[in-house]
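Dear colleague,

I am handing over the structure below, together with notes on what turned up in it. Please read the notes with the coordinates open beside them.

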2 protein chains.
Amino acid sequence: MPPNRREDGPPDLAGKAATINDIARLAGVSKKTVSRILNRSPLVRSDTREKVEKLMREVGYVPDPMARGLAFRRSFLIGMIYDNPTAQYIVDIQYGALDALRDSDFELVVHPCDSRSPDYVAGVRRFVQQQKLHGVILVPRVSEDQALCDMLDAIGCRYARVAAVSLEGPERMVVTHDRDGAAEVADYLQRLGHRDLAMVTGPAAYRSAMERTEGFVGALRRRGIELPASRIVEAGYTFESGVAAAERLLRGRNRPTAIFCGNDEMAAGVYRVALRMGLRIPEQLSVVGYDDSTLASRLWPPLTSVRRDTRDTGRMAAAMLLQPESAARPLASVRPHLVIRDSCQPPP
Amino acid sequence: MPPNRREDGPPDLAGKAATINDIARLAGVSKKTVSRILNRSPLVRSDTREKVEKLMREVGYVPDPMARGLAFRRSFLIGMIYDNPTAQYIVDIQYGALDALRDSDFELVVHPCDSRSPDYVAGVRRFVQQQKLHGVILVPRVSEDQALCDMLDAIGCRYARVAAVSLEGPERMVVTHDRDGAAEVADYLQRLGHRDLAMVTGPAAYRSAMERTEGFVGALRRRGIELPASRIVEAGYTFESGVAAAERLLRGRNRPTAIFCGNDEMAAGVYRVALRMGLRIPEQLSVVGYDDSTLASRLWPPLTSVRRDTRDTGRMAAAMLLQPESAARPLASVRPHLVIRDSCQPPP
DNA sequence: CTGAAAGCGCTTACAG
DNA sequence: CTGAAAGCGCTTACAG
């Protein structure tokens, strides 16, 4: 018999939440043993472990994250650092990260920032150090900033980088292979018979934009189609910049028969210009986007686009931070794939 | 002279972050005095306060939130509880909340949930109690759930409810006045000359849907227009449900000349059906949405819609939780307003 | 207006 | 495999 008077039902703790001391006392072990069980130490006899775990369940005991954090000198918080205007993308990464964090002791703290601001790295440092974060998820475009990662390394903060292409060792990367998604678009348009193509790219400073451009151009070249520089127009991943790029590409008589856009917002801009010019999609112009956002299926005709499994991406990034730091593993990859709708057909 | 050897420059603490003990020692006061300054106690002489604050700035001292939280028995975390599929809305509330939290000691922890699940209230309780949250922001539709609020009250958790209409005392509400936004739409359409109107509403279980419907119907009535029940079609705030509702309203020869939709997604559904039927917007059919999402300006013609200042809403909700519990204040209100684009004109 | 003691609920470092 | 002591960095309760 443990040295406590247990009646029927779970022990009453006068309405207050149980602490490690209550569990230790009720189980008749030291608090250090309870602590070992909490931290999954193998140095506990299995019958002791089972007895204590049963009691914890009955009492509904959950360790206090602040007390644990204070003793560990590290919190049970995962930070998500981002500078991305696309709401759906952000929310999907959050959902994915929370999928991975569910049933763990960790919670997600969000930290949007402005990577164009000169002191944003310092802002992230303050955030990480004040909260003693367990780790951070870095989303494009901040994930591409080596200075940010160097700072995190310097202060000993773990991170998981989501990026279009691998930027460092696999233990810290979730790679979305944007190059492959773009190549799939090139293959699809080529198979439809298009030879006279164009691309509206995102800002050259974004890895995603570069990867999508190079993936598209490279795959076309492999199929014998050379995309002239005049057919590659850089825009800003926004609707308005897509409009401006489309105006450049579609004026004059020498028009492309298909345009691949680095994201759906810019594709919506191309739609707008085509509509204004009386160019019918897909009869006179094929258009492909990237993201497969909800916008893609709201446009008319529904836009063919490259889908990214963003929620999976977030899940992998968070899962990576929960693993022991030493754990070796293969590169975390999320593969894009083309979702074919009604915005493309063979050239006129 | 304080009892410590200060050389030039900030005192060196061997690379480790300063603690309250360091500050107390360097300033020559007790840690309790430092603590009083941290907690803005008036019981500190102003010269003492200034000396200590200067030192804290020099050393870059920031109190440890976990240590404070452990002693306070309450964390420095604000939870955001939501069950809302609209990514832009969620992200905007988050930005707003973070605006209010900036330069405070608080951080934002996100907690999406599924309010249709029978144990979601229990899930929120676990979240709140484990993390000892300082307070939570409740976003529609969970903000409308009285059972949730009762639970939070029972466990002594502060909350701020965002809702279309006031549901309780002003100290816990941010009201978005959806009724007024819908009434503005009714006035606008009436002024354009429409008499034969229809509405696609959100689910009747949503307060926002009810308020928008009643606001629209009531304002029309005040202007002498009675909306028959057959002209009010309930849908699910989704694109697909908007399509189905539009099909019901637009088939047959007896069509309305204008449709007000409870959100932009459903308005996009109406656009789709109108396009399919060869009905031109706005020449043959006027359409108005609600939300003023980015979708509204991507559609063709650009959609007239009711804008909500969602970021302000989030800011107000978070600010409310930072105030002393006793602070009396007026009802926090966010006013909607109509953004006129190109989707309406006088009836044919 | 200021301070010394005890405590918040955990873990580390050490000993057995 | 288990435990007693000290400590993480703060605050509360009490005293002056």
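How far from a phosphate oxygen of DNA strand C does a polar side-chain atom of A:R68 lie? The distance between the polar side-chain atom of A:R68 and that phosphate oxygen is 3.3 Å, a polar contact being a pair of N or O atoms within 3.5 Å (within protein, one must be able to donate a hydrogen and the other to accept it, and residues adjacent in sequence count only if both atoms are side-chain atoms).

Before the rest, some conventions: this is a predicted model, in which local features need pLDDT of at least 70 and side-chain atom pairs count only at pLDDT 80 or more, while totals for chains, interfaces and linings use all residues. Residues are numbered from 1 along each chain as its sequence is written, chains are lettered from A and ligands numbered from 1 in the order in which they are written, and side-chain values use heavy atoms, with hydrogens and water left out.

DNA strand C

Around DNA strand C there are 28 residues, of which A:I20, A:K31, A:K32, A:S35 and A:N39 come nearest; a residue is near a strand if one of its heavy atoms lies within 4 Å of it. Two or more residues of the surface near DNA strand C come from each of α2 and α4 of chain A and α2 and α4 of chain B, where helices are DSSP runs (H or I, at least four residues) numbered from the N terminus. The most is given by α4(A), with 5 residues.

DNA strand D

DNA strand D is surrounded by 28 residues, the closest being A:T33, B:I20, B:K32, B:S35 and B:N39. Of the atoms of DNA strand D within 4 Å of the protein, 68% belong to sugar or phosphate, and the rest to bases. A base nitrogen of DNA strand D has a polar side-chain atom of B:K31 at 2.7 Å, whereas the polar side-chain atom of B:Y61 lies 2.8 Å from a phosphate oxygen. For B:A67 a polar backbone atom is involved, 3.4 Å from a base nitrogen of DNA strand D. To the surface near DNA strand D, α4(B) gives the most, with 5 residues.

With best regards
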